[in-house]
Amino acid sequence: MTNIKIDHNIKFTTATIGCFLRVPLSKKNLALATLLATMQSNASILYPGIRNQTTALDELYDAQLDIFPEVFGNQIIMQYVINFVEPSQILDPDYNYKKIIELFFEIIDNPLFNETLMQLAKNQLKEEYESFYDIPANLGYKEFLETWYRNKPQYASQLFGSIEDLEDASIKDLQDFFEGLKKAPSICLGQAMDPDTITDYLQKHLTNEGFEKEFKVEDLTIAAIEEPIEKVAPHKSLQGQILVGYGYGQKLERRIRQFGGLFLSHYLAGDESSKLFTDVREKLGAAYGIEAVDYFNNSMFLISSSIDKNKYSEVEKIIIDSIKKIQNGVVDQEVFKKSKKALKRIYLEAPDRQGIEIVQMLTNSLRGRETTFKDRVKVVEEFTSEQMIEFAKTLFINERYYLV
């Protein structure tokens with residue numbers, strides 16, 4: 001079966017196995033995926049009592065099962081990931097790969113669908129939703145996205161999905177969604193000291209037709225359509241929010257499009273020496289914090305800041321001018337060199353973090369490629385400020401959003 005890839009674990013005392021299922025992004029799909037993940041994290045037919053499941057996994061040498069959906073461009077990836085101590089580290093003949101894999105699938109293949117468990121999960125999520133969006137920066141991002149995707153509402157929610165769909169969901173809705181997952185393109189990835197044995201055990205359980213489908217997506221990217229908009233929303237908080245979103249096209253060489261955004265984000269707001277940090281926070285004294293993030297899968301470069309409400313127009317001017325300077329070829333070479341060092345350090349340290357390795361495997365599987373962290377380090381070393389300028393020249397302001 002081609003939809004299994006277990007790498008040889010030679011560095012860690014723990015193994016990681018993940019099954020990933022792909023469905024198209026929509027508000028309803030994300031709401032149902034979030035609700036299902038919460039219910040499955042709480043209980044299963046095997047462990048019907050709340051917290052019984054977590055306790056059982058803890059007793060299995062600190063095994064940890066994480067179930068959650070994550071958005072990658074125009075797709076939702078439903079993730080089932082188990083981390084556990086390698087059996088070779090434990091002097092217990094009853095603790096082995098077979099037992100772990102059987103428990104893993106016993107839990108994820110047999111969700112407990114009942115009204116009480118569903119209502120508990122809904123209440124948990126509503127509390128999380130309300131507390132998360134009580135934070136002005138989170139609320140600003142949510143409303144920014146809803147404005148950005150006002151003509152593509154299926155992409156407007158990237159975290160919880162539609163709260164209305166969450167509240168309205170029935171047991172049948174969840175059962176239908178779960179049955180649909182069995183047919184969704186799927187893949188199992190991981191790292192273990194004995195990958196061949198793990199692969200053999202996995203093959204016995206991967207009977208869903210989704211594991212026979214191609215997992216790769218030809219194009220994950222949500223294109224940015226130039227339709228500029230400015231929106232001001234009132235907010236009672238003393239702290240304001242400003243979000244300036246730039247779109248960019250697909251015509252650039254992929255390497256420049258991908259790494260240009262990474263370099264630009266570090267150059268503008270990577271640390272205390274970055275351009276926006278010094279110009280907005282230190283010189284103007286107007287910002288509590290400032291970020292520049294490249295959303296490669298969304299063709300969106302977003303600069304956001306928590307600000308003094310009375311200074312949002314001054315902050316906006318600095319943000320826009322900072323991009324214009326780079327588009328005109330003005331780059332502080334010392335700051336650029338620091339950005340290069342920071343990115344190189346991230347990729348050099350990544351192989352020592354097991355969770356990051358799995359994310360890299362997942363990203364490669366989605367895009368149908370085999371990029372390594374060594375490849376990324378090489379690109380960073382060779383990347384020039386002229387290439388960052390080339391990327392910046394493609395940016396166009398698509399949205400200015402103020403929460404004041």
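Guide: Gladly! Residues 24 or more positions apart account for 82% of the contacts in the protein with a separation of 6 or more, where contact means heavy atoms within 4.5 Å. This is a predicted model, so local features need pLDDT of at least 70 and side-chain atom pairs count only at pLDDT 80 or more, while totals for chains, interfaces and linings use all residues. Residues are numbered from 1 along each chain as its sequence is written, and side-chain values use heavy atoms, leaving out hydrogens and water.

The protein has 15 helices and ten strands; these are DSSP runs numbered from the N terminus, with helices being H or I of at least four residues and strands E of at least two. The C-alpha atoms fill a box of roughly 65 × 45 × 35 Å along the principal axes. Of the 404 residues, 53% count as buried, meaning under 20% relative accessible area with a 1.4 Å probe, protein chains only.

Now for the residue itself. Ser44 sits in the loop between α1 (27-42) and α2 (52-59). Ser44 is buried, at a relative accessible area of 1%. Leaving aside residues up to four places away in sequence, Ser44 touches Gln53, Ile107, Asn110 and Leu112. Of these, Gln53 falls within the range of α2 (52-59).

Methods
Buried < 20%, exposed > 50% of the residue type's maximum accessible area, 1.4 Å probe, protein only.
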